[in-house]
Amino acid sequence: MSDNQLTKHFQDQIDQEVKIEPKDWMPEGYRQMLIRQISQHAHSEVIGMLPEGNWISRAPSLRRKVALLAKVQDEAGHGLYLYSAAETLGIDRDELIAQLHQGKAKYSSIFNYPSLTWADMGAIGWLVDGAAIMNQVMLTRTSYGPYARAMVRICKEESFHQRQGYEILLTLVRGSEDQKAMAQDSLNRWWWPALMMFGPNDEDSVHTQQSMAWKIKRKTNDELRQQFIDATVPQADYLGLKVPDPDLKWNDERGHYDFGPIDWDEFWQVVKGYGPCNRQRMRDHIAAHEEGAWVREAALAYAEKRAARLETAVA
C-alpha cells in the first residue's frame, strides 16, 4: 500500500476503536507523540517518588511509614510499566533516561514543588494523585494497546493513593487547631500547581488537537481540569478546608464551578527549569542513576550468564 493508503487505514482503525499494537504500521508522528507522552509519564512517576520519599523516615507512626513506603514502591512500579510500554515503540530505556538528564524530556511540573510538612503527604495524595487519576482513567482507553493496558493497573493503585492522602488530611482536620492549620496551609500551596498539572489551556496546547484525532487523549486539558475542580471542591468542603480561590463559585447555568485565573507565567517558569526544586530533583535523579549503575550491570551479567548456561544445556 502507498503511504496515503496506510495512513487512511491507520486512521480508520483508530476511528473504529481498534487498538494499535507495536507491530502495526503507524505514522512516525504518532510514534513520536506516544514516546514523548509515555516517557514524560514514566519520568513523572519516578521523580514523584522524591518529595514523598523525603517523609518516609519522618512519618508520625509506623502505620504511616508503611503506607507511604508502599505508595512510593507503587510509583516505582508505575515507572517500570510505562518505560516498558515506551520500549515497544522502538526506543531504549537508557535513551529515555538520557533525554531526561539532558533536559530534552520533561516530567510533570508538580514535582518541582517542595514537601514542607507531613500535611503535604496528604495534599499530594489527594490533589496530585487525584488530578493524575482524572487524566489516567481516560488513558485506559487510549488508542495504543500497551499504554492502555499499563494504565488499567496503574489507575487501580492510584485510587488507593488518593484515598490515603485524603485520609491523612481528614485525620489532621479532626485534630488540634495547629494540625488543621497545617492542612489548610498545604491545600493553599498545592491547589494551583495541581490545576496546572493538566497542561496549558486548550488554545495554547500544541499537541491536543492531533492527540485527540489519534485518540491518544480522550478529553482536552480544560475538560479534565474542570472535571477535577467539580469533583474536588465538595471534598474540600467536607474536610472543612477552604480552596484558595476567591473567584470560585458554583454556576447553575453551566452546571460547573467557575474558578479564577491560573498563573501561567509560574507554570512556564517551572516547565523551563526555574521552579523551586527543578535543579534538586535532577541532581537527585542523576545521582541515584549513577549510584545504581552497578546493580544494572550485575543484573545484565547474571542474565547473560544464565542465557549461556541454558544454551549449553540445550546443545
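1. In this predicted model, the axes of helix H2 (residues 28-47) and helix H5 (residues 93-101) come within 11 Å and cross at roughly 75 degrees, the axes being lines fitted to C-alpha atoms over the stretch in contact, with angles running from 0 to 180 degrees between N-to-C directions. Helices here are DSSP runs (H or I, at least four residues), numbered from the N terminus. H2 and H5 are therefore roughly perpendicular to each other, a class that covers 65 to 115 degrees.

2. On the H2 side, Ile-35, Ser-39 and His-43 meet Leu-96, Ile-97 and Leu-100 of H5, where contact means heavy atoms within 4.5 Å.

3. The whole structure holds eleven aromatic pairs, counted when ring centres of Phe, Tyr and Trp (its six-membered ring) lie within 6.5 Å, with planes under 30 degrees apart taken as stacked, over 60 as edge-to-face and the rest as tilted. The centres of Trp-126 and Tyr-166 are 5.7 Å apart and their planes stand at 65 degrees, so this pair is edge-to-face. It joins Trp-126 in helix H6 (residues 119-139) to Tyr-166 in helix H7 (residues 145-173), 40 residues apart. Ring pairs also link Phe-10, Trp-25, Tyr-30 and Trp-214 into a cluster.

4. The charged end of Arg-58 sits over the ring of Trp-55, 3.8 Å from its centre, the criterion being NZ of Lys or CZ of Arg within 6 Å of the ring centre and within 35 degrees of the ring normal. Arg-163 likewise lies over the face of Phe-160, at 4.6 Å from the ring centre.

5. Residues are numbered from 1 along each chain as its sequence is written, and side-chain values use heavy atoms, leaving out hydrogens and water. Local features need pLDDT of at least 70 and side-chain atom pairs count only at pLDDT 80 or more, whereas totals for chains, interfaces and linings use all residues.

Key: Helix = DSSP H or I, 4+ residues; strand = E, 2+ residues; numbered from the N terminus. Parallel < 35°, antiparallel > 145°, perpendicular 65-115°, else oblique.
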